[in-house]
Amino acid sequence: MSESADQELQQNRELLQLLRERDHRNKYRKIDSYFPDTGPLARTNYPTVMKYYSAGKTYLERLLSGGNGTGKTTDGAIEMWFHASGLYPTWWPGHKFSKPIVAWALSKSGDQMKSAMQTTMFGPRSDRGAGVFPKDALFYEDGKQRWTNWPGIPNCIGSIMIAHYTNGVYDGDSLIEFKTYDQEAEALQGANVQFIWLDEEPNNPMVYTECLSRTRGRKGQEGRICMTFTPLQGMSDVVLSFCPQGDVPLDHLTPGQPGKWSAKLPWAEIPYEQLSKEWRETAMMSYAPHERAARMDGTPCMGSGAVFPYPNENITFYPTSVPPSWFEFCYGLDVGWNATAAVWLYKDPQTNIWYAYSEYQQGQLEPPMHSRNLKQRGDWIPGAIDPASNGRSQADGHKLFEAYLNEGLDLCPADNTREASIFELQTALSSGLLKISTYCTTLLSQLHRYHRDDKGQVVQPEKYHCIDALRYAWMTGRHRACPKPDVDSYSYDHSNTGLGANPITGY
């Protein structure tokens, strides 16, 4: 064989070896290929995911609400790898742990965990290492596996030790424990956990609450908890804890909850190289209409049994000024010991549109205290009260209706025909005859959660006090509505409420 032929053969062998190494890296070191600097899958093409990672630097609780196929489970697995290994890339914008951690990864069930979470993290059982976590990180130098199996769940990993590095120096092992939502509460109790990832939404809100409790720590040393799921359970307690008005806030921040951050990851943000146009078109047509927003955009699903299946943008208004005194005003009042609620309406006489502009809900107060709070919006406004208030008060045996009348409120018994009032509210909201202030967050959250069971019955109607107050205002209160007495101008004088309070907020 000639010298040139030998050189060519050697070059081919080296090229073959390089190709094999490339294929090996592509398969067993996928972590190096995620979010590159350039190309169709560059991280600049995933602005929401980058914001989600970055938010972990500031916010202790995060939610990534994504459509099907958007890669949210992979996004969660990537963050878990960085925190467990300490091998943060130079582009990483989020929180960094400076030492080995204890982490939890939770899913609905053992089967769900095996088929989705652990396959994404580690690859299939037959080829461990073909997932987000590199193959060499799953085994010790002698080839022994770093994981333990879950007792009673075949082919499911129970926990795994991952070597952690700080500034490139090995400083111990991180522990990742896998748990399911259907485990006993005791399984979610124990010592502090630095990072918790829930893939898919827990059915029981106590699961999330218990997990959150595990991340406690001294100031500056708190753990992080995050969720990645498609919100198919509708306006659940977990979703509403991040999205009190039924959808992810535009600024990602939950009102009154400074530690929470959330975002939606829609199909529109995913490159076709990851999620093909053909698949999207086929999948969209197969989804039930009430699920499409959740499965495509990460918008919380209204549910097939939703009573008021209207997105906020169709039924809300943003108040920019105090309504003029010559508008007609009224309110509805639902009373009870655990919760007393009221909703105020006014009508614009030029358009005949009614606006729910203010709300009130408070529990475990006596009628005099509630009455004082109600009068803050204007003691002259007529209202309609829950007709069941003719029953006896738990506090002192007096009839609640009489008690509120004695406090000087202008009230009459309301029409409490539930199905008829629901139908009228549906018609008013869908036609635009009734709008709800974006500030009425309690009312909006209850509207989104109000649903029927498979027998057509409203589920736990006694929990929706603001909706009941709205029903009373709509069915009876608006027929008693009137403008403010003795109006001399079109401006609203706060001092004329009798208590000097803002007529919108009540304080």
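Predicted model: local features only at pLDDT ≥ 70, side-chain atom pairs only at ≥ 80, totals over all residues.
Cysteine 412 is buried, at a relative accessible area of 17%; buried means under 20% relative accessible area, exposed means over 50%, and partly exposed lies in between, with a 1.4 Å probe and protein chains only. Residues are numbered from 1 along each chain as its sequence is written, and side-chain values use heavy atoms, with hydrogens and water left out.

I stay with the cysteines for a moment. How many disulfides does the rule give? The count is zero, where a disulfide is a pair of cysteine sulfur atoms within 2.5 Å. For cysteine 330, the nearest cysteine sulfur belongs to cysteine 482 and is 9.0 Å away, and cysteine 330 is in no disulfide. Cysteine 330 counts as buried because its relative accessibility is 0%. The residue is found in strand β11, residues 328-334; helices (H or I, at least four residues) and strands (E, at least two) are DSSP runs, numbered from the N terminus.

What does cysteine 330 touch, if residues up to four places away in sequence are not counted? The list is Val343, Trp344, Leu345, Trp354, Ile381, Pro382, Ala473, Gly477, Arg478 and Ala481, with contact meaning heavy atoms within 4.5 Å. As for isoleucine 381, 51 residues separate it from cysteine 330 in sequence, yet the C-alpha to C-alpha distance is 5.5 Å.

Let me now turn to the chain as a whole. The protein chain comes to 14 helices and 16 strands. Of its 507 residues, 50% count as buried. Among contacts in the chain with a separation of 6 or more, 67% are between residues 24 or more positions apart.

Next, the nonpolar cores. In soluble globular proteins, nonpolar side chains tend to be buried together. Here a nonpolar core is a set of buried Ala, Val, Leu, Ile, Met, Phe, Trp, Tyr and Cys residues joined through side-chain atoms within 4.5 Å. The largest one has 52 residues, and those with the most contacts inside it are Tyr53, Met80, Met121, Phe133, Ile176, Phe178 and Trp197. Elements that each supply at least two residues of this core include α2 (47-55), α4 (110-122), β4 (157-166) and β5 (169-180). Which helix gives the largest share of this core? That is α3, with six residues. Methionine 80, leaving aside neighbours within four places in sequence, is in contact with Ala103, Trp104, Ala105, Met121, Phe133, Ile176, Phe195 and Trp197. A second, separate core has 31 residues, among them Tyr310, Leu345, Ala356 and Ile436.

I come to the helix packing around α14, residues 465-475. Helix α13 (residues 441-449) packs with α14 at an angle of about 95°, and their axes are 8 Å apart. Axes are lines fitted to C-alpha atoms, for helices over the stretch in contact, and angles run from 0 to 180 degrees between N-to-C directions. This makes α13 roughly perpendicular to α14, on a scale where under 35 degrees is roughly parallel, over 145 roughly antiparallel, 65 to 115 roughly perpendicular and the rest oblique. On the α13 side, Thr442, Leu443, Gln446 and Leu447 meet His465, Cys466, Ile467 and Leu470 of α14. By class, that contact has five nonpolar, three polar and no charged residues. For these classes, Ala, Val, Leu, Ile, Met, Phe, Trp, Tyr, Cys and Pro count as nonpolar, Asp, Glu, Lys and Arg as charged, and the others, Gly among them, as polar.

The axes of α12 (residues 418-431) and α14 come within 10 Å and cross at roughly 80°, and the two helices are therefore roughly perpendicular to each other. Residues of α12 in this contact include Arg418, Ile422, Glu424 and Leu425, and those of α14 include Asp468, Arg471 and Trp474. The contact of α12 with α14 divides into seven nonpolar, one polar and four charged residues.

Phenylalanine 35, in the loop between α1 (3-28) and α2, is not a glycine and has a positive phi of about 50°. Asparagine 155, in the loop between β3 (147-149) and β4, likewise is not a glycine and has a positive phi, of about 65°. Are these residues buried or partly exposed? Phenylalanine 35 counts as buried at 8% relative accessibility, whereas asparagine 155 is partly exposed at 39%.
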